[in-house]
Amino acid sequence: MFIQSINAGLRKIPTWVLYIILPIPGLSAIAAGLTDNLGPEPINELEEQLGEFALKLLIVGLAVSPLLHFTRINLVRFRRAIGLMAFAYVLAHFLVWFLLDLQALNQIWTEIAKRPYVTAGFAGFIVMIPLALTSNDWSVRRLGRFWRVLHRLTYLAAILAGVHFIMLSKGFDVEALAHMAVILAFLALRVGKWRRSLQTGLQGLRTKLIG
């Protein structure tokens, strides 16, 4: 009964509310930077805050299915907004690094090749681009079953983001390691389902070939 009440309340919340609420931390960080309230290294601090919030949103997005499975709390209708806002934060994180920190287009590939943490972060950003571009009803209809396969790249994007965060951390960073542990735990919960889906698909293919 309690879970039903929670889900009933969630159904009353329009998804567009997330597009208003979720940008607030990022806009607050940008405002703090513009008013010299981000400490002695404002660009690095802004990069860090935008990146960390992107990682947290990726983890929240990954938590939707396990939360539904284990508690029956249904946040599925909010997953698209969470994913798109995670990409928006990743894009903002990249733009701050590129436009304010690096400030040199001809250096971008050198940095990506030379610094492993940049390699991991940029790879995660690239992986998220097709996910963001196909996060709409038209793409769901056009791509059919392949849409679900494509959006499993969310886990790869989250892992790359987690690795990027760990590499950026100085020394033994409990927070960075905890983020990665949660990502890997959510991935482990999905492995069994993916294996069963693969076995079912192979069995169907075998049946078609034999029969």
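Author: This model is predicted. Its protein chain has an average pLDDT of 88, and 90% of the residues score at least 70.

Reader: Which elements have the lowest and the highest mean pLDDT?

Author: The lowest mean pLDDT, 73, belongs to helix H11 (residues 174-210), whereas H2 has the highest, 96.

Reader: How many residues make up the largest nonpolar core?

Author: A nonpolar core consists of buried residues joined through side-chain atoms within 4.5 Å. Here the largest one has 35 residues, and Leu57, Phe94, Trp97, Ile108 and Met128 have the most contacts inside it. At least two residues of this core come from each of the helices H3, H4, H5, H6, H7 and H10. H5 gives the largest share, 12 residues.

Reader: Which residues does Leu57 touch, not counting those up to four places away in sequence?

Author: Leu57 touches Leu22, Ile82, Met85, Ala86 and Tyr89. Apart from this core lies another, of nine residues, including Tyr155, Phe165, Ile183 and Phe186.

Reader: Why does Pro14 count as partly exposed?

Author: Pro14 counts as partly exposed because its relative accessibility is 27%. Pro14 is located in the loop between helix H1 (2-11) and helix H2 (16-21). Leaving aside neighbours within four places in sequence, Pro14 is in contact with Arg77 and Phe78.

Reader: How far apart are Pro14 and Phe98 in sequence and in space?

Author: Pro14 and Phe98 are 84 residues apart in sequence, and their C-alpha atoms are 35 Å apart in space.

Note on methods: Residues are numbered from 1 along each chain as its sequence is written. This is a predicted model: local features need pLDDT of at least 70, side-chain atom pairs count only at pLDDT 80 or more; totals for chains, interfaces and linings use all residues. Side-chain values use heavy atoms; hydrogens and water are left out. Buried means under 20% relative accessible area, exposed over 50%, partly exposed in between (1.4 Å probe, protein chains only). Helices (H or I, at least four residues) and strands (E, at least two) are DSSP runs, numbered from the N terminus. Contact means heavy atoms within 4.5 Å. pLDDT is the predictor's confidence in each residue, from 0 to 100.
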